[in-house]
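Me: I am new to this structure and would like to know what lies behind the terms used for it. Please go through them one at a time.

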Amino acid sequence: MSEMQEKYIKSFKRQRYKVLFFRIMLFVIFIGAWEGATHFKMIDSFIFSSPSRVLITFINMCKSGQIFIHIGITLAETLVSFSLVILIGLGMAILLWMFETFSKIIEPYLVILNSLPKSALAPILIVWLGSNTKTIIVTAISVAVFGTIISIYTSFNGVDTEKVKLIYTLGGKRKDILIKLILPSSLPMIISTMKVNIGLSLVGVVIGEFLAAKAGLGYLIIYGSQVFKLDWVIMSIVILCIIAIGLYSIINRIEKMYTKKISG
Amino acid sequence: MSTGGSMKPILEIGNVTYSYHTLQGETTALNDINLSVLPGQFISIVGPSGCGKSTLLSLISGLIKPDSGSITINEKKIEDSNTNIGYMLQKDNLFEWRTVYSNVLLGLEIQNKITKSTTKTIDDMLKAYGLENFKNARPSQLSGGMRQRVALIRTLALEPDILLLDEPFSALDYQTRLEVCDDIGVILRREGKTAILVTHDLSEAISMGDVVVVLSKRPGKIRKIVQIDMEISNRTPISSRSSPKFKDYFNLIWKELTDNV
């Protein structure tokens, strides 16, 4: 290895360590300032909670096992909603692709439903479906599903017409175009909508839990704020952050595996 | 290759007319086309761009139907004919999510024809074209010429009786283009396939064809049909280019094309 190359690699590594160092520093300073400010009564720990109080609350709730029920319920609701969003999104996109006139007819309605703030629907859903898990899952689906249908259908339509012609010249029919061309070529797009949807499903579930739940992290947040247990609220938010990161990195891993397979 | 008049044509095109429709109006792409092709013949079609050359291939393959006139293959209408037609498009259109081998299998897969004998044929072709070590590679790892050969094997795997070639070399650089063109010319002659090549490259048309059909500009009409005889034995596209008669044909057809405008 030449001296210049070594120098280049060294400066590259130094840059990476620098970024990592300041990232961690930022976190430490934030937590430290928060803890310090409450310790020296600069802010009221009753309203703002504090890192140590959050940690103690978490340990206590772990001991009683309560927290695992809340996390488990939110996680289960999120995964069910997410799976349904992907299934419904994919199914609807295939239907729209199969029936072009139908898709032209409903296109403006899809756009309206997609741009509607879905939290506005939640109160109606409670009235219609009752204050239960069903409402939470339907709310979460409504948050993510319209965008998913639109993205997947757009990707279906973006398929190269020359490739469509190729399938026909090989004696293929519409079904071959779907199975051999459109689905495999849209797979990267489907995975990337999954990345967006896992987060949106969590958002939808929390909105649903605010309104119609007896357990779950969303319920814990709304209940905690009502009884001024801000430790519960902050702790739930931190756990939601961790869940969001975890779920996202699972999909990210799947995407990486797929790209690796394709590039050999 | 061109044989006596006693042979029955494999393909007959009679008074075919075709127009494209848009909201802005109607464009006649082809007007009153008549052509008959004998088995084993290699036909080159040249003409100015937009003269409906590619449209003619789409009509022969049955992808679109003529407004009027008839196209028969072995004296049967296209939709009733069981003659296999292979079609090579301008781009190789290989699927990046498939390996080279499964790209080659695509046509057989669609037609449910994957058998021991068809895969054996494919293996032989991959070997013959120097691709056997790339069976499990992705299309992006191949050069342009190799990709076009993969596309050719994909087409030939279905054992077509008539092969339609729509400027299949246009995306390649000049040297590769000559090589692949020569390869394919030799292969098709050896296998005695009937082929129709559409191109805007005059030299390519003359070096490969037994017959060159000159189309006029839009609406495309047949302007002239030129029989090519290089007067050399074991003719290949490359050897045709160095034949003394090559230049004469070139000038003749060039004049036909330019008089047009």
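Reply: One definition comes before the rest: two strands pair if DSSP finds at least two bridges between them. The model is predicted. In strand 5 of chain B, Lys76(B) is the bridge partner of Ile73(B).

Me: What makes strand 4 and strand 5 of chain B a pair?

Reply: Pairing takes at least two bridges. Strand 4 (residues 68-73) and strand 5 of chain B are joined over two bridges, in the antiparallel sense.

Me: Why are strand 2 and strand 5 of chain B called edge strands?

Reply: The sheet in chain B is open, has four strands in the order 2-1-4-5, and its pairing is antiparallel. Strand 2 (25-37) and strand 5 (76-77) each pair on one side only, and they are the edge strands. In general, strands of a sheet pair through backbone hydrogen bonds.

Me: What makes up the secondary structure of chain A?

Reply: Chain A has 11 helices and zero strands. Read from the N terminus, its elements are α-α-α-α-α-α-α-α-α-α-α.

Me: Why is chain A called more spread out than a compact globule?

Reply: For 264 residues the globule rule gives 18 Å, whereas the radius of gyration of chain A is 24 Å; the value is well over the rule, so the chain is more spread out than a compact globule. Its C-alpha trace spans about 75 × 70 × 30 Å along the principal axes. The domain assignment of chain A gives domain 1 (3-43) and domain 2 (58-262), and the C-alpha centres of these two domains lie 34 Å apart.

Me: What share of chain A counts as buried?

Reply: A residue is buried if 20 or more other C-beta atoms lie within 10 Å of its own. Of the 264 residues of chain A, 31% count as buried.

Me: How do you know that chain A touches chain B, and which helix supplies the largest share of that side?

Reply: Contact requires C-beta atoms within 7 Å. By that test 17 residues of chain A are in contact with 15 residues of chain B. Helix 8 (161-169) and helix 9 (174-211) of chain A each supply at least two residues of the touching side. The largest share, seven residues, comes from helix 8 of chain A. By type, the side of chain A that touches chain B divides into six nonpolar, six polar and five charged residues.

Notes. Residues are numbered from 1 along each chain as its sequence is written. Chains are lettered from A and ligands numbered from 1 in the order in which they are written. This is a predicted model: local features need pLDDT of at least 70, side-chain atom pairs count only at pLDDT 80 or more; totals for chains, interfaces and linings use all residues. Two residues are in contact if their C-beta atoms, placed from the backbone, lie within 7 Å. Ala, Val, Leu, Ile, Met, Phe, Trp, Tyr, Cys and Pro count as nonpolar, Asp, Glu, Lys and Arg as charged, and the others, Gly among them, as polar. Domain bounds come from an automatic or database domain assignment. The radius of gyration is taken over C-alpha atoms; the globule rule is 2.2 Å times the number of residues to the power 0.38. A residue is buried if 20 or more other C-beta atoms lie within 10 Å of its own, exposed if 12 or fewer, and partly exposed in between; C-beta atoms are placed from the backbone.
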